[in-house]
Amino acid sequence: MIKRTVVINLETGLEARPVAQMVQIASQYNSEIYVEMGSKKVNAKSIMGMMTLGLDSGEEITLSANGEDEEAAMCGIEKYLSNQQ
């Protein structure tokens with residue numbers, strides 16, 4: 001299992017469309033992927049779960065991945081959230 005702190009660098013934060021895109025990216029990987037913000041921890045592959053976080057640009061989250069492709073999953077999601085795609 002790996003964990004990293006990531007700053008959301010998407011202009012609109014994680015509203016509906018960016019959340020859907022992030023869930024699509026996370027769903028490409030076999031690993032379990034979670035996003036933590038404060039006391040909330042949600043499955044990064046769940047649109048409804050991700051929407052409950054209401055994340056804005058500039059906010060810091062903890063991203064965790066556990067599984068056979070955890071490093072690739074972490075890199076893919078981190079790249080998206082850093083707006084480097």
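Angles under 35 degrees count as roughly parallel, over 145 as roughly antiparallel, 65 to 115 as roughly perpendicular and the rest as oblique. Helix α1 (residues 16-27) and helix α3 (residues 70-81) pack at an angle of about 160°, so α1 and α3 are roughly antiparallel to each other. This is a predicted model: local features need pLDDT of at least 70, side-chain atom pairs count only at pLDDT 80 or more, and totals for chains, interfaces and linings use all residues. Residues are numbered from 1 along each chain as its sequence is written, and side-chain values use heavy atoms, with hydrogens and water left out.

**Helix packing**
- The axes of α1 and α3 are 9 Å apart.
- Axes are lines fitted to C-alpha atoms, for helices over the stretch in contact, and angles run from 0 to 180 degrees between N-to-C directions.
- Helices (H or I, at least four residues) and strands (E, at least two) are DSSP runs, numbered from the N terminus.

**Salt bridges**
- A salt bridge needs a side-chain nitrogen of Lys or Arg within 4 Å of a carboxyl oxygen of Asp or Glu; the count comes to three.
- K3 pairs with E36 at 3.3 Å, N to O.
- K3 lies in strand β1 and E36 in strand β2 (residues 32-37), 33 residues apart.
- R4 forms a salt bridge with E71, the closest N and O atoms being 2.6 Å apart.
- E78 also bridges to R4, with the closest N and O atoms 2.9 Å apart.
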